[in-house]
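Here is a short walk through a protein model. Keep the sequence and the 3D view open as you read.

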Amino acid sequence: MLNQAWTDRFDGLISWVEDIKQKNGSSAAGLYILKDSQVVLEHYSGNHSHEKDAPPTTARSQFNVASARKSYLGLAVAYALHDKCISGMDDPILRYFPEYDRPLYEGTTIRHLVTHSHGLASNMDGVIFREFKAGTNWAYRNVGVDILISLIHRLYGKGFPQLLDERVFTPMGFSETGWRTESNEHLVPIIDRKDEPPLSGLEKNSDGSEKNLFVSAREFARWGQLHLQHGKMGERQIVPPEVIKLATSIQHSPYTDPSLPANGMFWYIQDIPRDKSELGEIVPAGSYQILGDTGPTILVIPAYKVVVAKMYNKRYNYGGEHYLKYLREFSNQVCDLFS
């Protein structure tokens, strides 16, 4: 049973989560917090959809984490570096994909791909073009993600979910984490519009190439905890600490624009407060976070030994073009509780 003093302490944070849930039209919410490796809050509300007789949200509910899956890909890339399948962060991607268009990809490295600084984008027809010179700016584009997914498959002969299943998920005993291709009672659909049937979030493939990773709040938090504890769970070293350090340390080249966010391997890292970062201005340096556009968020604060998993199931985060304001507000509220 959770400590009542802790539960009472989080009333304000729970109210904030529920308020955003209602304003954004999410049907489900979850909030799971670990402090000093102990569960101090476990909160679930709502139903799997707005449809009549939709099942209630519970500890076993698995949310589609959308782009937060990039943190899992980032760990796979860190493994490839550790295993010396990749010789260094500044390896040009043309070394691994010599068949790519050389003029287009020239000067683009692994470092650029994992930090959203590659400068590649695609148009409505899927044609890739150069938006800016690699390493000179930052833009959230999935072209880099797709290349890295292909890279891991080329290096290991398997998709990155299979690599992580062998090295992380199975040793951790994860059963509520996976790229889902078939429906089951624990999967939470995605709300697009409240007045329309929900989207399943399922895809045809489980190789990591699509956005069909579903995770329960408690396993999402344990994923963050694994990073906080440098790859160790209990007395067992699951992931080499060097792999975790690669994934959660700032990896991008210096920017001339100080407002651009700092990135590790897809994680947003706090060094100094940055206007275009997801992390609030009072969040301690060394903290890191990742977000999916359906709402799921992991916030890791090493200075406080805290991991927070916040879950929603509404497509697109609340706030429209001002969504970063609410993300920073949430992380600041968490820090107010533990500072």
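What volume does the largest cavity have? The largest cavity has a volume of about 130 Å³. A search of the whole structure finds 1 cavity of 30 Å³ or more. Ile20, Lys310, Tyr312, Asn317 and Tyr318 are closest to its centre, out of 16 lining residues. The elements that give two or more residues to this lining are α2 (11–24), β15 (306–312) and α10 (323–338). Helix α2 supplies the largest share, 4 residues. By class, the lining of the largest cavity has 8 nonpolar, 5 polar and 3 charged residues.

Some ground rules apply. This is a predicted model, in which local features need pLDDT of at least 70, side-chain atom pairs count only at pLDDT 80 or more, and totals for chains, interfaces and linings use all residues. Residues are numbered from 1 along each chain as its sequence is written, and side-chain values use heavy atoms, with hydrogens and water left out. A cavity is a set of points, on a 1 Å grid over the protein atoms alone, where a 1.4 Å probe fits but cannot get out; a pocket is an open set with protein on both sides within 12 Å along at least five of seven lines; lining residues have an atom within 4 Å of a point. Grid points are joined across faces, edges and corners, and a volume is the space filled by probe spheres set on the points. Ala, Val, Leu, Ile, Met, Phe, Trp, Tyr, Cys and Pro count as nonpolar, Asp, Glu, Lys and Arg as charged, and the others, Gly among them, as polar. Helices (H or I, at least four residues) and strands (E, at least two) are DSSP runs, numbered from the N terminus.

Turn to the largest pocket. Its volume is about 640 Å³. Ser67, Lys211, Gly292, Asp293 and Tyr316 lie nearest its centre, among 29 lining residues. The lining of the largest pocket divides into 11 nonpolar, 10 polar and 8 charged residues.

Now the sheets. Two strands pair if DSSP finds at least two bridges between them. An open, antiparallel sheet holds 7 strands in the order β2-β1-β15-β14-β13-β12-β11. Its edge strands are β2 and β11 (262–263), each pairing on one side only. Strand β1 (residues 28–35) runs antiparallel to β2 (residues 38–46), with 8 bridges between them. Leu34 has Val307 in β15 as its bridge partner.

Another open sheet has 4 strands, ordered β6-β8-β3-β7, with mixed pairing. Here β6 (177–179) and β7 (187–188) are the edge strands. Strand β3 (residues 62–64) runs parallel to β7, joined by 2 bridges. Gln62 has Leu187 in β7 as its bridge partner.

Finally, the helices. Where do the axes of α3 (residues 70–82) and α8 (residues 217–228) stand? They come within 12 Å and cross at roughly 35°. Axes are lines fitted to C-alpha atoms, for helices over the stretch in contact, and angles run from 0 to 180 degrees between N-to-C directions. In contact (heavy atoms within 4.5 Å), Ser71, Tyr72 and Leu75 in α3 meet Phe220, Trp223 and His227 in α8. These contact residues divide into 4 nonpolar, 2 polar and no charged.
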